[in-house]
Amino acid sequence: MNDSKPKLAIIGAGVSGLAAAWALKDADWEVFVFEKSRGPSGRAATRTVHGIRVDHGANYFKIDSPLLEELVLRELPNEGLIQIPGNVYLFNKENVVSKGDMRINEEIKWNYRNGISELGKRIATVSDAKIIKQTRVVGLEEISDSSWEIISEEGKKCGVFDAIIFTPPAPQVLELISESKNLPSLSDLKGLLGESKFHRQFSIIMGFDQRIGRPSDCCAMLNEDRRHPISWLGFEDAKSGRVGIGASVIVAQMSPEWSMSYYDSCEDIIYNEALAEVSKLIDVPPSGPLWKSKQRWKYAHPKVALDVDELEECSPEGWFFCGDSFVGRGRVGEAILTGFDAANRILGVE
Ligand SMILES: Cc1cc2nc3c(=O)[nH]c(=O)nc-3n(C[C@H](O)[C@H](O)[C@H](O)COP(=O)(O)OP(=O)(O)OC[C@H]3O[C@@H](n4cnc5c(N)ncnc54)[C@H](O)[C@@H]3O)c2cc1C
């Protein structure tokens, strides 16, 4: 009977939290996923700009483990799953562009025709969990030593849960726990969460009414020496079916250093400076882009990996953690695997 099942709250419907929900689908848990945004998928993010689906977070994902193959290729619907053709070129701080690293280019670059956020949406659908959108969790209240009330914005009580999986970037989890009233001091846990550091990043999106010149086999460009103001230049028109013939959409992911120094600058400065850097790598029309858009990521990529076992050891029993904070780099596939691991720990599976 459903009523007698223990209740699990997963905070965050990014790919790691959703993977945990999916992995617990047939287990004896009633699973609720709380997500602050309007839709699932977190930083595997897509938005519609001028009628075009644009990935403004992760650009593609890899399927490089049997568990990912099982989830993405066998469990999720394959319709609209695409492989991005072409190579990732390299560039250095002197703006010299070269043919890419064969190692990167041999890997299949997966995405969806409708955007990478399809990944989260599809996992959410097959997980059977209740996804509670537009609900930012702002606090927890200890009800007993093995149950907690979830509090959302406006002080709304969202139910009492027997276990919780925390999935947002560790600094955000620290904020949430620190702002919760009626919890034990948890100073060791807070100390460990405080060791997490994330890079900030701007994604600058530019739309052109002509095809921007680039090598015909180039789908993106990566800064190889990490000394350029741009880290990654992605061409959305390389993703089949996204952009009409005779148009281009570019996503420039600016370097952490650039992003820090322009973090609070006004829009015009951000766009002009980013366009100036893009123009050093590819020929853009003198009239500039037809339209532009941007995303400012406060927590884009983790700089270090936290040890999840250490963290859970100093947490109340029933608290679990997953997400790329425990990987130490931003990777969709690896974040998903942390979600599977959290589910296994809940089930007591080694
Ligand atoms: C610009 C950029 C480019 C990237 N490029 C790539 C790439 O090309 N390939 C690749 O593999 N990876 C890439 N990554 C990294 C990849 O996107 C992440 O590693 C992965 O998506 C992390 O998933 P997650 O579930 O750990 O975290 P998230 O996706 O951050 O999920 C956490 C979720 O929690 C929600 N949330 C946060 N706080 C609360 C709260 N208080 N209450 C409720 N919900 C909350 C958030 O809205 C979010 O949905 C990129 C990331 C960025 C930002």
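Predicted model: local features only at pLDDT ≥ 70, side-chain atom pairs only at ≥ 80, totals over all residues.
1. **The H2–H10 crossing.** Here are the numbers behind that opening remark. Helix H2, residues 66-75, packs with H10 at an angle of about 95°, and the two axes are 10 Å apart. From H2, the residues Leu67, Leu68 and Leu71 come up against Gly333, Ile336, Leu337 and Phe340 of H10. By class, this contact is made of 6 nonpolar residues and 1 polar one, with no charged residues.

2. **How the chain is divided.** Domain 1 is made up of 2-42 + 122-196 + 303-347, and domain 2 of 46-116 + 199-301. Where they touch, 15 residues come from domain 1 and 16 residues from domain 2.

3. **Domain 1's side of that contact.** Three helices each bring at least two residues to the side of domain 1 that touches domain 2: H4 (117-127), H5 and H10 (332-347). H10 gives the most, with 5 residues. Sorted by class, this side of domain 1 has 9 nonpolar, 3 polar and 3 charged residues.

4. **H4 is worth a look.** Of the 11 residues in H4, 9 are buried, so the helix is largely enclosed by the rest of the structure. The buried ones are Ser117, Glu118, Leu119, Gly120, Lys121, Arg122, Ile123, Ala124 and Ser127. What covers them includes helix H1 (15-23) and H10, along with strands S3 (46-49), S8 (110-112) and S9 (130-132). Just after H4 comes aspartate 128, with a positive phi of about 65°.

5. **The seven-stranded sheet.** Trace this one in the order S7-S6-S15-S16-S17-S14-S18: it is an open sheet of 7 strands with mixed pairing. Its edges are S7 (97-98) and S18 (291-302), each of which pairs on one side only. Within the sheet, S14 (residues 198-208) and S17 (residues 248-254) run antiparallel and are joined by 6 bridges. To find your place there, look for isoleucine 204, which stands opposite alanine 252 in S17.

6. **A helix across the sheet.** Which strands does helix H8 lie across? H8, residues 267-281, lies across S6 (87-91), S7, S14, S15, S16, S17 and S18, and runs at about 75° to S16.

7. **Two loop residues to check.** Most residues other than glycine have a negative phi. Leucine 186 has a positive phi of about 50° although it is not a glycine. You will find leucine 186 in the loop between H5 (170-179) and H6 (187-193). With 17 other C-beta atoms within 10 Å, leucine 186 counts as partly exposed. Arginine 226 is in the loop between S15 (218-223) and S16 (230-235). Is arginine 226 buried or exposed? Arginine 226 is exposed, because it has 12 other C-beta atoms within 10 Å and the cut-off for exposed is 12 or fewer.

Terms used. Residues numbered from 1 in each chain as written. Helix = DSSP H or I, 4+ residues; strand = E, 2+ residues; numbered from the N terminus. Buried ≥ 20, exposed ≤ 12 C-beta atoms within 10 Å, placed from the backbone. Domains from an automatic or database assignment. Contact = placed C-beta atoms within 7 Å. Nonpolar A, V, L, I, M, F, W, Y, C, P; charged D, E, K, R; others polar. Pairing = 2+ DSSP bridges. Axes fitted to C-alpha atoms, helices over the stretch in contact; angles between N-to-C directions.
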